[in-house]
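Biologist: I am new to this one. Please show me the model, and then I will ask about it.

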Amino acid sequence: GEVTYHGSTTLYGRSATGKTTLASTWPKPILYFNIKDNGTDSIADIEGIDVVHINTSEELKEQILWLHKQANRDKLIYKTVVLDTMTQLQSILVSEMGEKVKARLESKKKRAGDFGSLQLQEWGLIAGDMKAVIMDIRNLPLESIFIAQEKVHNVGDEDDDGNDQIAPEVGTRLMKSVNSDLCASTSIIGNTFIRVKTTKEKVDGKTVRNIEKLYCLRLGPNEVYTTKIRKPKGIKVADFIVDPTFRKLQKIMKGDK
């Protein structure tokens, strides 16, 4: 049958830069998968958000299957689903794969020193599981948000031969192939950061410095940070926006001023 794609967004950045708060501005009800992140304190007082704590990959698969069943029965009440974070999901899959490899080697009576690290085949399976989650979430008839931690990718990282990259690039803290799939699959890729604004004023004849923290989102083309937003041709996007929200992003995508 026909598949209707709804908006998908990738948000990445350092801890405590506003990723979770920004995600909470999306249409509600929101189903929020807290994947071993414990970062939902900032949205605890916001109504319309159901938080499900995920500790294993199997738990997440069961939740995604349930969402698809609800959608097929036309009983899906949620308008947005959030995965926070994809970085932790990757860690869970790596840990689970390590346990499988360890059990397999123990069954063959291998020594502990023979366990070693994961092989290329195992990494491929992990990447496949991550990509399957991305596509399964994107195929749901609702908005989707994938949150990840930030990482500086240097020349020579992972399978990079250094020929296509002459300077460090900041992106998601995910495997290279998974990062490529995620970025290609989402309409928005934004980097959250905090900008410190300092102003001065006279108080009782003395100069007082006021420091204000501004929560920002990088969106426009950037030589270092991975960013993207699909918009009408000819519409220019600012390097970043202050106090980003879902509505502000929608206006940019529609070309509204």
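Biologist: In which loop is D204 found?

Modeller: First, a caution: this is a predicted model, where local features need pLDDT of at least 70, side-chain atom pairs count only at pLDDT 80 or more, and totals for chains, interfaces and linings use all residues. Residues are numbered from 1 along each chain as its sequence is written, and side-chain values use heavy atoms, with hydrogens and water left out. Helices (H or I, at least four residues) and strands (E, at least two) are DSSP runs, numbered from the N terminus. D204 is found in the loop between β7 and β8 (206–218).

Biologist: Is D204 buried or exposed?

Modeller: Buried means under 20% relative accessible area, exposed over 50%, and partly exposed in between (1.4 Å probe, protein chains only). D204 has a positive phi of about 55°, although it is not a glycine. Its relative accessible area is 79%, so D204 is exposed.

Biologist: Which residues of helix α5 are buried, and what arc do they cover?

Modeller: Helix α5 spans residues 176–185. Its buried residues are V178, N179, L182, C183 and S185. The arc is taken from the directions from the helix axis to the C-beta atoms. They lie on the same side of α5, because they cover an arc of only 165°.

Biologist: How many aromatic pairs does the structure hold?

Modeller: Rings of Phe, Tyr and Trp (its six-membered ring) pair if their centres lie within 6.5 Å; planes under 30 degrees apart count as stacked, over 60 as edge-to-face and the rest as tilted. W26 and F246 form a tilted pair, with 5.1 Å centre to centre and 55° between the planes. F193 and F240 have ring centres 5.5 Å apart and planes at 80°, so that pair is edge-to-face. The number of aromatic pairs is two.

Biologist: How many residues apart in sequence are the parts that W26 and F246 tie together?

Modeller: Both W26 and F246 are buried. W26 lies in the loop between α1 (19–23) and β2 (30–35), and F246 in helix α6 (residues 246–254). So the pair ties together parts whose separation in sequence is 220 residues.

Biologist: Which residue has its charged end over the ring of F193?

Modeller: A charge sits over a ring if NZ of Lys or CZ of Arg is within 6 Å of the ring centre and within 35 degrees of the ring normal. Over the face of Y225, R218 lies at 3.8 Å from the ring centre. Over F193, 3.9 Å from the ring centre, sits the charged end of R218.
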